[in-house]
Amino acid sequence: MIKRLGLVLIIFLFQFCLIYPSFSKINIFATVDDEIITSYDILKEGRYLIVLNPNLKNLSKKQISDLAKESLITEIIKKKEISKLIDINKKNPFVEDYLSNLLVRLGYKNKNNFKDDLLKNKTYSITEIKSKIKIELFWNELIFTKYN
């Protein structure tokens with residue numbers, strides 16, 4: 001009985017993917033230093049950018065997509081350059097402070113409200129956002145020391 005139910009479920013999912021291929025389709029838009037940027041990454045980044053700046057909702061989907069592509073490409077380049085000089089897994093003590101300031105700036109009362117909003121918008125987790133913040137902080141430190 002369980003095998004039949006599993007088989008029926010697999011057949012249903014397979015047919016669903018054939019009827020609605022856009023649900024199962026992920027396109028590769030760019031590669032930057034052997035890292036792939038997919039349509040899913042762009043969609044996720046676009047949602048994240050809208051959470052950071054709600055005024056972006058006024059832009060067209062194409063404009064948001066273009067901003068998300070540029071943001072992802074820039075982040076990959078920064079990450080590659082930082083990793084040449086700094087251990088990117090090294091703990092940065094300013095990440096929590098930066099995240100707290102970001103939450104205040106965006107008008108969130110606490111981290112849980114922010115997590116709920118991220119989950120509702122199907123974007124990054126807090127851990128992924130902390131990683132993005134860490135990259136930005138290390139990048140700023142690198143630029144400061146290089147040009148100081």
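Modeller: Lys 44 has its place in helix α3, residues 39-52. Helices here are DSSP runs of H or I with at least four residues, strands are E runs of at least two, and both are numbered from the N terminus. Keep in mind that this is a predicted model, where local features need pLDDT of at least 70, side-chain atom pairs count only at pLDDT 80 or more, and totals for chains, interfaces and linings use all residues. Residues are numbered from 1 along each chain as its sequence is written, and side-chain values use heavy atoms, with hydrogens and water left out.

Biologist: Is Lys 44 buried or exposed?

Modeller: Buried means under 20% relative accessible area, exposed over 50%, and partly exposed in between, using a 1.4 Å probe and protein chains only. Lys 44 has a relative accessible area of 14%, so the label is buried.

Biologist: Which residue's side chain meets that of Lys 44 in a salt bridge?

Modeller: A salt bridge needs a side-chain nitrogen of Lys or Arg within 4 Å of a carboxyl oxygen of Asp or Glu. Leaving aside neighbours within four places in sequence, Lys 44 is in contact (heavy atoms within 4.5 Å) with Lys 122, Thr 123, Tyr 124 and Glu 128. Of these, the salt-bridge partner, at 3.4 Å from N to O, is Glu 128.

Biologist: How many residues apart are Glu 128 and Lys 44?

Modeller: The salt bridge between Glu 128 and Lys 44 links distant parts of the chain. Glu 128 lies in helix α7 (residues 126-147) and Lys 44 in helix α3, and the separation is 84 residues.

Biologist: What is the N to O distance in the salt bridge of Lys 78 and Glu 136?

Modeller: Lys 78 counts as buried at 13% relative accessibility, while Glu 136 is partly exposed at 32%. Their side chains meet in a salt bridge, and the N to O distance is 2.7 Å.

Biologist: Where does the partner of Lys 80 sit, Glu 35?

Modeller: The side chains of Lys 80 and Glu 35 meet in a salt bridge of 3.7 Å, N to O. Lys 80 is in helix α4 (residues 61-85), 45 residues away from Glu 35, which sits in strand β2, residues 35-38.

Biologist: How many salt bridges does a search of the whole structure find?

Modeller: Some are linked in a network, which joins Glu 45, Glu 75 and Lys 132. For the whole structure, the search comes to eleven.
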